[in-house]
Amino acid sequence: MKYLKFVSALIIVLSGLHLTALSQQDTTTLKNIINKTSKIPELYPVEKVYLHFDKPYYSVSDTIWFKAYLTTDQNMPSPLSKIVYVDVMNSQDSLVSTLKYPVTNSMAYGNLPLDPLNFKQGNYYIRAYTVWMLNFDPDYFFTKTIPVGAAVDKELLTHFSYQTSNADKGQVINARIQYKNADKLPYANKTVNWKVISSFEEVSKGKGTTDQNGFLNVSITPRKNQVIKKGQLVTDITIADKETLNSSFKFEAVDAANDIQFFPEGGELILGVPTQVAFKAVNAKGLGIDLTGTITDQGGNTITSFKSSHLGMGSFYVNMEEGKTYKANLSFKDGTTKTLDLPKPVASGIALQVNNSNPENINLKIVANNAFFEQNKEKGVYIVAQNAGVIYYAAQTALMSQVTSAKIPKDKFPSGIIQITLFSAAGQPVSERLVFILRLDAMNLNIKTDLPSYKPRQKVKMTVTAKNATEQLAGHFSVAVTDEQKVPANEDAQPTILSSMLLSSDLKGYLEKPNYYFNKTDEKKLADLDLLMLTQGYRRFTYSDILADRYPKITMLPEQGMNITGTLRDRTGMPVKKAGLRLTIPGRTYSAEALTSPSGVFDFQNLSIPDSSQVVISAKYGSGGSNMMIMVDPAPFPEVTHNINKADEVMNIDSSLSTYLDNSKKQYSHLRQLKEVKITGTAIKKVSHADYPTLSALPMMADHELGPERFSGCNDLLTCLRTMATGLTFENNNFYVSRDFLAGKRIPVQIFLAGSPVDPFSISSVNINEIESIEIFLRDELGTVNRTYGTNGVISINMKKAVAGKKMSMEELRKLLPKDNMVTLEPKGFSKQREFYSPKYTTPNSTSKDLRTTIYWNPRVVTDETGAVTFEFYNAEGKGTYKAVVEGLDKNGNPGRFVFRYTVK
């Protein structure tokens with residue numbers, strides 16, 4: 001498939017330029033840039049994943065419903081990958097769940113039940129990707145923060161705030177907590193014990209009493225000569241005799257100073273050239289903060305004044321003169337001030353300047369100062385405009401004056417980020433500018449209902465239409481209808497198919513309020529979007545790498561189906577060629593066969609394995625099968641990274657989601673959890689590190705313990721442990737204690753398997769079903785292990801053992817031993833798909849409660865050539881405003897979104 005698409009006349013001379021005769025070398029230079037750039041979409045096509053969710057937040061016991069859209073160039077359906085992955089991490093950056101879905105027509109349909117066993121109240125981080133996307137920067141994965149509250153049997157509601165100050169005697173963190181009961185009445189005059197954990201150590205503790213409004217003030221002071229950067233405040237409030245309730249609060253005691261960065265248009269300030277300088281100011285939490293300011297020279301003269309336009313972003317113009325220096329004098333919205341030196345200008349330079357306010361054209365200028373112009377007069381310069389490596393515009397001209405103007409028609413480009421680069425006569429990039437093209441006429445979505453308003457439980461007939469200026473459009477969409485009284489949301493803050501496909505999927509870093517630019521777009525929002533282009537980092541690739549033939553390294557091919565690969569070897573370790581293997585699923589009539597290649601590699605292709613299924617691969621059907629070793633390749637998995645959208649986390653879920661959780665409390669009232677009852681009796685002792693003499697001197701309690709259920713579906717222990725080992729960092733084929741590793745102490749952790757020291761790669765083939773637990777020790781208090789092995793920290797993999805006193809026959813013993821010719825594993829199968837339940841009310845006076853928040857979810861809304869589709873559903877019993885959201889892609893790859901509201905009364 002050809003991914004490179006050029007405009008019909010690629011080498012275009014810019015309109016309005018002063019033309020000169022250009023040499024053959026000039027044309028060759030531009031062709032070289034184009035030819036090398038063309039390899040990006042041809043050999044390294046970009047895949048994008050977007051997830052449309054039914055709601056922005058949830059409660060424990062809810063089900064998250066979502067649809068995945070998988071696209072490539074110009075948001076057309078991707079032919080590359082047939083499987084999409086969705087990972088769920090908690091706020092401690094630990095993997096909670098991985099979902100795997102087959103992709104059909106570049107779409108997948110998923111759900112995630114938030115069961116009380118695995119999900120607690122907190123912020124969860126969702127990311128979606130394909131195996132092909134693992135070859136590139138994980139910053140381009142789809143990501144979203146989803147708050148989850150708890151409503152069932154909730155006895156304690158809290159609200160937490162804190163401030164950090166640095167006094168003469170050191171750091172002080174003042175926290176304030178309010179405690180309320182389930183009826184939202186304050187816990188007054190109650191005793192609270194608290195402690196602060198930082199870097200896995202207790203650094204402060206104390207005791208206090210709540211006031212009549214349930215408030216407790218806590219003053220946290222770290223140990224002498226220490227500073228708390230990140231911590232967790234753990235509290236226990238005594239609400240009755242011998243009855244306590246605990247809660248914990250994360251905090252980051254960062255420097256409260258605001259920060260600002262300056263971004264000269266085109267990349268540099270140039271002496272003698274009037275230049276637009278964009279800026280972005282953020283507070284300590286990474287959120288934009290508004291400001292006003294002035295630019296003054298060294299004599300104190302005011303050159304210009306300015307103010308931010310949106311989320312701390314704005315711009316001003318400055319013309320730097322030789323021999324002068326300039327300062328920015330800033331006043332932030334929070335009352336603080338700051339004075340900074342502006343970057344120094346270069347003595348000789350050329351830059352791109354763009355005015356993107358015209359709806360028809362990009363108005364572009366090439367501006368050189370006198371020094372650069374005199375050195376490069378009549379030399380060729382080149383313009384290349386591309387998106388994701390696909391070139392949509394290229395041009396060349398000779399430098400005949402210091403200012404060269406041009407107009408580029410916007411209809412040459414698709415919607416999205418366009419990277420415009422200016423190249424010198426030698427073909428080197430010298431200036432760059434990002435612009436955003438928004439084709440509002442590409443697809444117009446609309447929703448209509450058969451009635452202007454409805455009654456509770458009444459049937460709704462809804463029609464979705466898709467069209468542009470000339471035709472009705474066929475496309476694939478998803479529709480979510482929610483009760484807006486129970487699910488209020490900030491439209492600007494939510495990622496949408498427009499903000500994701502066109503903006504954030506091509507930008508690095510955190511993007512605040514991404515849908516602001518697409519929600520009722522006007523001239524002001526387009527101008528703010530242009531400021532974002534000037535200030536936000538974006539580089540899927542750099543021209544310096546491309547021109548030097550430094551392309552991405554590909555280690556994983558796109559998944560066209562579920563495959564299990566590996567190598568078959570004999571007892572000497574040599575690969576076995578042309579040997580037959582068989583794959584079966586015990587208890588199912590499912591099997592597959594494969595033949596090894598000349599290098600002993602086998603590949604079971606296009607499997608259909610349900611999640612949590614046990615798979616057996618056997619080589620005994622070949623000659624000499626009893627002397628074979630089957631080595632299965634580990635499944636690729638990205639490292640668990642920090643949540644780049646951390647600023648979107650909700651600190652106080654109880655109060656922020658109060659309306660939603662009040663409804664959830666009623667909705668799930670039948671799911672009362674039984675209180676724990678302790679029964680004293682003889683318990684079967686579980687294997688721990690204390691059962692191994694080598695590790696008996698370690699503390700009785702490990703810093704972290706992983707139970708066997710955490711490794712369900714894992715077929716390579718090392719790969720899984722790399723993402724689950726809390727407090728550890730895996731680097732250079734070793735584990736390290738994270739806090740020491742970051743401080744420069746690079747002494748590896750020692751791994752023990754059933755009490756015996758092993759290297760990390762030795763644990764890859766450990767039978768997951770035989771693991772009792774894995775204990776992680778970040779400290780060896782007595783130093784017995786660290787001194788003996790020259791290591792720092794311990795991982796103890798504790799294996800199950802037979803119950804004492806039971807005799808085993810030789811046959812039973814043989815069954816426990818691993819088979820040379822057979823391997824049993826639990827590969828990650830396809831996650832279960834479920835249908836959204838939508839009730840039908842045939843009798844209007846139903847006595848059952850209907851407290852649904854998601855009224856209707858349909859991920860399979862398809863418009864045909866008429867551009868329309870109609871469906872029906874029933875309202876819940878709630879009155880007020882219901883909100884319907886439709887998102888999707890038309891046949892031409894144009895993303896669309898429409899929000900419709902109707903009244904239930």
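This is a predicted model: local features need pLDDT of at least 70, side-chain atom pairs count only at pLDDT 80 or more; totals for chains, interfaces and linings use all residues.

Residues are numbered from 1 along each chain as its sequence is written, and side-chain values use heavy atoms, with hydrogens and water left out.

Let me turn to the rings. A pair of aromatic rings is described by the distance of the centres and the angle of the planes. Rings of Phe, Tyr and Trp (its six-membered ring) pair if their centres lie within 6.5 Å; planes under 30 degrees apart are stacked, over 60 edge-to-face, and the rest tilted. The structure holds 31 aromatic pairs. One of them is Y85 with Y129, which is stacked, with 5.7 Å from centre to centre and 10 degrees between the planes. This pair links distant parts of the chain: Y85 belongs to strand β5 (residues 83-89) and Y129 to strand β8 (residues 122-129), 44 residues apart. Helices (H or I, at least four residues) and strands (E, at least two) are DSSP runs numbered from the N terminus.

Are Y85 and Y129 buried or exposed? Both are buried, where buried means under 20% relative accessible area, exposed over 50%, and partly exposed in between, with a 1.4 Å probe and protein chains only. Why is the pair of F602 and F604 called edge-to-face? The ring centres of F602 and F604 are 5.8 Å apart and the planes stand at 65 degrees, so the pair is edge-to-face. F602 and F604 are both buried as well.

R860 lies over the face of Y109, at 3.9 Å from the ring centre, and the charged end of R127 sits over the ring of F637, 5.8 Å from its centre.

I now come to the cavities. On a 1 Å grid over the protein atoms alone, a cavity is a set of points where a 1.4 Å probe fits but cannot get out, and lining residues have an atom within 4 Å of a point. Grid points are joined across faces, edges and corners, and a volume is the space filled by probe spheres set on the points. There are four cavities of 30 Å³ or more.

The largest cavity holds about 280 Å³ of space. Its lining has 21 residues, of which F53, D54, K55, P56 and R897 lie nearest the centre. Strand β2 gives the largest share of this lining, four residues.

The second largest cavity holds about 130 Å³. Helix α7 (residues 658-667) gives the most to its lining, with four residues.

Within α7, the residues S658, Y660, L661, N663 and S664 are buried. The buried residues of α7 pack against β3 (58-59), β9 and α6 (653-656), contact meaning heavy atoms within 4.5 Å.

Lastly, helix α8 (residues 717-724) has seven of its eight residues buried, so it is largely enclosed by the rest of the structure. The buried residues of α8 pack against several strands, including β6 (95-102) and β46 (771-777).

Key
A charge sits over a ring if NZ of Lys or CZ of Arg is within 6 Å of the ring centre and within 35 degrees of the ring normal. On a 1 Å grid over the protein atoms alone, a cavity is a set of points where a 1.4 Å probe fits but cannot get out, and a pocket is an open set with protein on both sides within 12 Å along at least five of seven lines; lining residues have an atom within 4 Å of a point.
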